[in-house]
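Please open the structure in the viewer and follow the selections below in order. Each stop names what to select and then describes what is found there.

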Amino acid sequence: MKVRRLVSVLVFSLLLMMAALVFMLSTNMGLTFTMRSLGWFSGETFRVGAAHGRLAGKWRLEDVVIKTTGATAELSLLAVDWRPSQLLSGHLDVDTILAREVHVVVKERKESGDGSSRQGRRPSAGGLNPPLAITVNTIAIEDLRIDDGAQSIAVHQASAALSLRREKLAVENFSWRADSHGGTFNGELDTTAEMAVSAHGTWWLNPEDFNRLNGTLTINGPTNNCRADLAILHPSRVDAQVKLFDPFSDFSWRLNLTAESFSPADLSPHWPASQVGMRISSEGTGEDFKGTVSATLTPPDLGDVDLTASFSGDSTSLVIGDATLHHGEGVVHVTAQTSLRQPIQWQSNLHIVDVEPSIFFAELPTAPIDAEISAHGELAEQKVSYTVDIESMEVHAPEPIATIKATGHIVGNQSGLRLTGANLGAGTGVVEVDGSLQWTDGLSWQMNGAVRDFDPAITGFLPPGMIEASVSTSGSVAAASLQVDVGLDSLSGELAGYELTGSGKFSLTDTELIHAELMLANGDNTVTVSGAGAEEVDLDFSFHGTELHRIVPKLAGSLDISGALTGPRDDLRLTFSTSGEDIAMADFSLKQLSGSGDIGFGDRGLVRADITVDGLSTSMVQIDQANTTVDGTVTDHLINLDLVAGDGDIQLSGRGGLSADYEWNGDIDRAMLTHVRFGAWRLRDAARLTAGRKGGALDGFCMQSTAGGGCLTASIDENSAWRVALSEFVFNTEMLSQWGLSPVDTTAEVSGNGLVYGTGGVVSQLEAMLSAVQVRMSIEGIDGFDSFDFYAPRLSLSYADERIDTSFSSALTGGGAVEANLSLSGYSDADFNLVDMVADGRLRARLTDLSAIALLSDEFVIPSGTVDVDINVSGRLRDPILSGTLSLQNGELRFPELGSALHDLTGAINGNGKTFSINLSGRAGEGNLTALGSLDWSGEQWRFETQIGGNKALIVNRRDKRITAGPDLLLRMGLTAAILPGAR
């Protein structure tokens, strides 16, 4: 009976448990009861606002809170869809896990009693071997935010698929997307004792103010010796290799980074354009690190800058052991140490050797600098303080300026700085400066300077002397106001043997010059400025220089300039007058200068000026008188220029005006050149001219005369890059002989064009072409030859990339023709010798009219026949190499002075390098003549030798002498002698 009752109780209990299990797994109330029970048993570390669905299938939780000792997580939704029936076959099968609006707050880690933080432990040697297989088809998180108090990380979307089978944990299609980063990865983890990882994926990063980066990441190896390969593929290629050791115990790492051609400007438009090749090697533990850096920077127009550096540090400090920068001959050594604890402190030292400031600022002169500079400072609670000591500095300025030495001490903070003990020394002179600069409320300053024992001659353009001066300045610049005060408190000393004195004061605001007063005197040379410039300007100035050489030693003569600036600020007026005598400098001189002007700066201000110069002389021109007049307004005035010289006059006139940015725009409506030899040249139509600070342009400047004419266009920009083009060029060559420039009368109408580019005084590219219908060269005094004609000749010339190319072609009298081209390479600069250029050319011609040879030989020989020429030229111009052939058919050579002639000549001349072989045959008188010989110019002197064989060949037939060639006639010729043994 008792046994039956016991069995009944057990069955009832089992049925009750099964009913409870079914209730919990299969009903929404069971799901709710289970979640609340978990919250109660966890001590409220797990809390759910609402539960829907059934635990054994699809269910979702709303307003979930999970608390741990290290973090708190809040989820607006957690949804799961799984198949519990698969558990019976040892498989946990989850279709989806979805979490929305997940907010994780990470608590600050507390240190243990021994001061060390709690570290995770590496899994035991046995690894991870779960009792069942696990599959999660989709894990998705939408809107995840993680806060740790210092920063916040937001991810808009993340998803992955996960499976764990036979000690292999696989993650597929893991992807995430945030505002500034994202990526996709696949990987696998061996959960045995080795814990090997294998993962590969792509990522992108788009930080604020930076361009987007794209790359790849690969991780391979066991977790205690893992390798990660990171690559940036866009916009520049960068490869990094990281090795991680024992991350769960004695963590350490090694890094190698390589970038062959990296452009920082690709990352951010705020960074300068340059190319960087770099290598970084580093290693460390969780406590400290060390490494080296080597890089080559190639900024535009600067040349390579090489950097090497070593560094080390830990969580509290960073040390730069020795950083070295090389540029050309210049070297900079830097050592620095920074404490990263609060407050942040740093200390650095710079050792500079032979560094050229002109490599950074082209406007600065070439002056290598040596310096020792130290600096230290502190940053705490957004407040900074620092000290800079210029312990020594030497600027090796070019002669005649002496080496400049400097020292100084700067103390500053976030509000401003104070400069004390600044000394600059050059020669015997010393400049002392101290002052302060503040920028808290706008910009304000106060500076005082003293000059002692300064010799102006060290500047290279001022005369010798000794100067002492005291200068002070103060002022401020606020949002809408400017106040500047400058005082030349005292100036005394000696300049070029004369006493030098001076003083002055200037006070101005953003709207007016309150006061101006300046006086400088050096012997009879004086400068004065006085007046004010408020709403009504009244400023007088004068320069009286009767001994200019005492100011600038290379300048002679006397010059006076005086004037006034008067009127309302919106309608200023400048009046001036000037005069000078016997002014000269270098190859420039003038005998007398006089002029006056009246210029108004208002919208319609009048402009009148008249400047006359007598006896103007330079190395290129001599002008008896030059007169310039201007009449009109600032925006619309007439300009006339008249130049009178002994052999001709030039007259120019134009109309135009200044724009708001001081650019002159106008038309040249009259231009005439009258020359005693070259005649009168006139401007055909009005030309357009623009000139200003950013360059200028001339368009449609066409001149013409009875000799011909042409049109010129030209331009130059603010970087001194210029372009000149010649078009519609026509010229009558008969004028050359009339002008006495050609000894030969030439009749032709030559036309052509040209284009040339350059920068400054350097030509970078040139193209030119000349052609004519016919060119006739008249020849007088040669029987049978009165002219030499070229038909349709064409000559072209070009220059680019240090190479000159020329070509010439023409048809000749009697059906002949000539074609030649020549290239010259190796040109380097203006000092290059033309004969050192390398030649590459070819001459091909058929000559049926040989009158030019008679002209060149002064009628000693008069030839006829047909000559075919094919000659190649190579080598340097000073020592050319010729190769090719010359062949003669139906030739005749008459020697009037010898009374003989050679008839029926045929033969050839063949050349190879430095030697030509000669083979000729023909008749001379009643006999025959053959010639075998050579022309050699391989040595220092050319040498001609030919063996002449003949049978009654008559060479000389004069009354006083008759010579025939025998079979042993040998002719030798050189620069100094000719030998003809064997003649009878």
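Select C702 and C711 and display their side chains: in this predicted model, the two residues form a disulfide, with their sulfur atoms 2.0 Å apart. A search of the whole structure finds one disulfide. The torsion about the S-S bond of C702 and C711 is about 110 degrees, so the disulfide is right-handed. Both C702 and C711 are buried.

Next, select another cysteine, C226. Its relative accessibility is 8%, under the 20% cut-off, so C226 counts as buried.

Is T135 buried or exposed? With a relative accessibility of 10%, T135 counts as buried. Display the side chain of R165 as well: the side chains of T135 and R165 make a polar contact at 2.7 Å. To view the surroundings of T135, leave aside its neighbours within four places in sequence and select H91, L92, D93, V94, L162, S163 and R165, with which T135 is in contact.

The last stop is V104, located in strand 4 (residues 91-106). V104 has 17% relative accessibility and therefore counts as buried. Which residues are in contact with V104, once its neighbours within four places in sequence are left aside? They are A71, T72, A73, L144, R145, I146 and D147.

How values were computed
Residues numbered from 1 in each chain as written. Predicted model: local features only at pLDDT ≥ 70, side-chain atom pairs only at ≥ 80, totals over all residues. Heavy atoms only, no water. Buried < 20%, exposed > 50% of the residue type's maximum accessible area, 1.4 Å probe, protein only. Polar contact = N/O pair within 3.5 Å; in protein donor to acceptor, adjacent residues only side chain to side chain. Contact = heavy atoms within 4.5 Å. Disulfide = S-S within 2.5 Å. Helix = DSSP H or I, 4+ residues; strand = E, 2+ residues; numbered from the N terminus.
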